[in-house]
Amino acid sequence: MVGIYKITNPKGKIYIGQSIDIERRFKEYKRISKRSAGRKIIRSLEKYGVENHIFEIIEECLRESLHEREYFWKQHYTSVENGLNCDYFGAYFISLDELIEYVVLVGMDPNYEITRNGKPTGEYLNELIGY
């Protein structure tokens with residue numbers, strides 16, 4: 001199943017993710033990898049135990065819509081600011097141009113302070129896309 005999923009930890013903090021095979025992705029989380037230990041969701045799974053997290057599919061969508069729909073749900077649940085997501089964009093973008101194109105596509109407010117590995121900020125995006 002292609003779509004967007006939500007993981008909720010025992011403290012109510014939420015992680016939003018996307019996958020082209022959600023069932024497989026859930027199985028992967030159950031085999032926690034120390035390689036990913038820096039990610040908030042992995043730390044939560046290790047701290048509270050996988051079995052104490054709620055795994056849900058929140059939306060089925062077309063593969064082409066995954067980034068847009070994941071962004072929507074991260075905003076809806078404020079999972080970057082108050083949850084277990086580290087950023088809005090993950091590792092989906094190869095270049096800054098691709099990131100800018102996406103910000104315009106989803107209609108993101110370019111004045112909103114975003115980070116992707118510490119850069120770029122909304123102010124920087126403003127300059128780049130001419131807002």
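The residue in question is His53: is His53 buried or exposed, and which residues does His53 touch?

Analyst: The answer starts with the whole chain and then turns to the residue. The model is a predicted one. The chain has 5 helices and 3 strands, and from the N terminus on these elements follow the order β-β-α-α-β-α-α-α. Of its 131 residues, 40% count as buried.

The strands make up an open sheet in the order S2-S1-S3, with antiparallel pairing. Strand S2 (14-19) and strand S3 (54-60) stand at the edges with a single partner strand each, so one side of each has no neighbour in the sheet. From one strand to the next, the twist averages 25°. Strand S1 (residues 3-8) pairs with S2 over 6 bridges in the antiparallel sense; in one of these strands, S2, Ile16 is the bridge partner of Lys6.

His53 belongs to the loop between helix H2 (40-48) and S3. His53 has a relative accessible area of 6%, and because buried means under 20%, His53 counts as buried. Leaving out residues up to four places away in sequence, His53 touches Ile7, Thr8, Asn9, Pro10, Ser44, Leu45 and Tyr48. With one of these residues, Ser44, the side chain of His53 also makes a polar contact of 2.7 Å.

Among contacts with a separation of 6 or more, 54% come from residues 24 or more positions apart.

How values were computed
Residues are numbered from 1 along each chain as its sequence is written. This is a predicted model: local features need pLDDT of at least 70, side-chain atom pairs count only at pLDDT 80 or more; totals for chains, interfaces and linings use all residues. Side-chain values use heavy atoms; hydrogens and water are left out. Two strands pair if DSSP finds at least two bridges between them. Helices (H or I, at least four residues) and strands (E, at least two) are DSSP runs, numbered from the N terminus. Axes are lines fitted to C-alpha atoms, for helices over the stretch in contact, and angles run from 0 to 180 degrees between N-to-C directions. Buried means under 20% relative accessible area, exposed over 50%, partly exposed in between (1.4 Å probe, protein chains only). A polar contact is a pair of N or O atoms within 3.5 Å; within protein, one must be able to donate a hydrogen and the other to accept it, and residues adjacent in sequence count only if both atoms are side-chain atoms. Contact means heavy atoms within 4.5 Å.
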